Amino acid sequence: MHKLANLARRLPKKTFAILFYVLLAIFLVLYLRSIDYTQLSEIRIAPMYFLIACVLGMMFRYWSAFVWISILRTLGARDVRWGRALLNVYAKSWMGRYIPGTAPWILGKIYFAAQHGISKNKLAVSSLLEGLLQIVVQMLFAVVMILLSPQTRVLGSSFRLLLALAAIASLVAIAPPVFNRLVALAYRLVKRKQFPREHYVNTRLVVGGVGMYSIGVLFTGLSLFFIAKSVYPELPYESIFFVMGASCLASAASMIAIFAPGGIGVREGIQLVLLGIILPPSIALVITVIMRLWTLGLDLLFFLLHARKHEMRPAPHPEVSSR
């Protein structure tokens, strides 16, 4: 009876994890079924460029985990440091992007990291800020890189104006006064009480986060360029900024499109349109299909490398010497 009582108490805590993995399995199957594999029948891949893209892609995933952990530490979360335990949390939560809606990705970090004793309030703020930083920084880079590229002229002034407005909206959303008010409002609606000001973000934290994610954007933007070059080696290096801009815009839009698992359809649609400006349409289509498989493959590899759960050891504290 004692064991049954313990199981009954633990079951509600396991419900989120069970639902998370069940939904993940379902939408991964749907994701794989949506791919048009016939486009890959006669394609040849240049292995060196493909390998470079894989290295850059994995670097982006580890760098994103590092940024999240850095934000947590800056917010004052106790005993938080880089290690296998939080990499396990981040890798699992990263897979939550394949479940429609932004919530599984963010809630995954909150739920799984809270099991290691980290403050849920700090986890909520850090996870929301990290997700928003990814969108904002990628949108800003997309605007700069695409607008400065001569190839963008064919898209017309309306498209360029829309990009500029999206960049301005992104900057407003990431401003600490706006971000803090949105978090406080959400907390008040859910918890029915005031959000503690000690968890608010400041300008230093946001600016630092933007700076760190700017490095990550270089990794993910260059990944698409080298995937494209592995399929079409004739792609000139002069197109690198345009392709990186296309990658950033597609990634940001896919994260905003909460209705699409893993940004499916949104990411590929933007990549197809923009890459079609500088590449033959058939080649652009093949690249978008390969990118979808490549992204899923790296996400699964990142997840499997850290699938084993680890307990987080407390960070060492300075000892007071005694005579």
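## A friendly look at helices, core and rings

Helix 2 is followed by Gly 76, whose phi is positive, near 95°. Helices here are DSSP runs of H or I with at least four residues, numbered from the N terminus. This is a predicted model, where local features need pLDDT of at least 70 and side-chain atom pairs count only at pLDDT 80 or more, while totals for chains, interfaces and linings use all residues. Residues are numbered from 1 along each chain as its sequence is written, and side-chain values use heavy atoms, leaving out hydrogens and water.

**A buried lysine**
- Lys 92 is found in helix 3 (residues 84-95).
- At 7% relative accessibility, Lys 92 counts as buried (under 20% relative accessible area; exposed is over 50% and partly exposed in between, with a 1.4 Å probe and protein chains only).
- Beyond its neighbours within four places in sequence, Lys 92 is in contact (heavy atoms within 4.5 Å) with Phe 20, Tyr 21, Phe 112 and Phe 303.

**Aromatic rings**
- The structure holds 10 aromatic pairs; rings of Phe, Tyr and Trp (its six-membered ring) pair if their centres lie within 6.5 Å, and planes under 30 degrees apart count as stacked, over 60 as edge-to-face and the rest as tilted.
- Phe 225 and Phe 226 form an edge-to-face pair, 5.4 Å centre to centre with 80° between the planes.
- Phe 225 is buried, at 0% relative accessible area, and Phe 226 is buried too, at 11%.
- Tyr 237 is partly exposed, with a relative accessible area of 45%.
- Ring pairs link Tyr 49, Phe 225, Phe 226 and Tyr 237 into a cluster.

Technical notes: Helices (H or I, at least four residues) and strands (E, at least two) are DSSP runs, numbered from the N terminus.
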